Amino acid sequence: MRCIVSIAAFSLFFAGHLWSQISTFDQGLEGWTITGDAQNGGGLPDFRLIGGNPGGHLTATDDNQGGTWYWVAPAQFLGNKCSAYGSNLSFDLKQDQSGNQSNNVDIYLSGGGLNLTYNTEANPGLDWTSYVIALQEGKWRLNTLNGPLCTQSDLKLVLSNVTRLWIRGEYASGPTDMGGIDNVVLPVFIDFDLDLDNSSGAFVKDYRANRICYTGGLSSIADSDLVVRSMLPIDSIL
């Protein structure tokens, strides 16, 4: 019989690092960069200690060269994110312009040789605007905003090895504008076999990962007898 155990019950045994798929920008850039015509081509945003939602946040200023710049997620948001399927990518954005709004791809999510795009319902406002983006088929499109809707297999292929996550930072055309980002969260659940009965084929101190996105259920690292689900990375199971 499968038993799902709350991570809280194991808090004395497991230590997690809160920044793994969460960027709150309270300590700095946290590996984020920018691509496109902003920051005089420098590629690095500005860290702001206050004014976020709450605490710190990042900003970047458009170079007004006709392109569209994007926030570029660091390595911790890339790679195998299979278990994020069916959950939500969330983040907060703001801009300092209310006029001359443009429409473009708001999110690029790439992997497995596919490029997915997403168009949010509205551009961010002058204050923080929160976005919750479903990681489900029928919500994303292939290659362009007018491309075909992605299928379940498309999305799972991308999540099996994410190579790009870009979030649009520029929304006004014409005047030099500034955009901000805060609180990026990509939920990733990790399941562990803890009963050591070898039914997964793993040995003691050898917890094997299932690296393939599949349809239905939890993406167990080992078998389904006893599972711990955690949004935190877990180091050193003895």
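Of the 238 residues in the protein chain, 45% are buried. The protein chain exposes about 11400 Å², with carbon and sulfur atoms supplying 53% of that area.

Confidence first, then. The pLDDT averages 80 over the protein chain, and 71% of the residues score at least 70. Two stretches call for some care. Residues 215–227 stay under 50 in pLDDT, although the model gives them 52 contacts beyond four places in sequence. Residues 233–238 are also below 50, and this stretch has 13 contacts beyond near neighbours in sequence. Where pLDDT is low, the predicted coordinates should not be read in detail.

On to the sheet. Six strands make up an open sheet, running β3-β6-β12-β8-β9-β11, with antiparallel pairing. The edges belong to β3 (33–35) and β11 (141–142); each has a single partner strand, so one side of each lacks a neighbour in the sheet. Further in, β6 (residues 70–72) pairs with β12 (residues 162–168) through three bridges, again in the antiparallel sense. Within this pairing, Trp 71 faces Ile 167 of β12.

Helix α1 (residues 152–160) packs on this sheet, where it touches β8 (107–111), β9 (114–118), β11 and β12. The direction of α1 makes about 75° with that of β8. Five names come up when the buried residues of α1 are listed: Asp 154, Leu 155, Lys 156, Val 158 and Leu 159. Their cover includes β8, β9, β11 and β12, the strands that α1 touches as it packs on the sheet. As for spacing along a helix, an α-helix has 3.6 residues a turn, so residues three or four places apart point the same way. Among the buried residues of α1, Leu 155 and Leu 159 are one such pair by number.

Asn 80 lies in the loop between β6 and β7 (88–95).

Notes. Residues are numbered from 1 along each chain as its sequence is written. This is a predicted model: local features need pLDDT of at least 70, side-chain atom pairs count only at pLDDT 80 or more; totals for chains, interfaces and linings use all residues. Side-chain values use heavy atoms; hydrogens and water are left out. Two strands pair if DSSP finds at least two bridges between them. Helices (H or I, at least four residues) and strands (E, at least two) are DSSP runs, numbered from the N terminus. Contact means heavy atoms within 4.5 Å. Axes are lines fitted to C-alpha atoms, for helices over the stretch in contact, and angles run from 0 to 180 degrees between N-to-C directions. Buried means under 20% relative accessible area, exposed over 50%, partly exposed in between (1.4 Å probe, protein chains only). Accessible areas come from the Shrake-Rupley method with a 1.4 Å probe; for residues, only the protein chains shown count as cover. pLDDT is the predictor's confidence in each residue, from 0 to 100.
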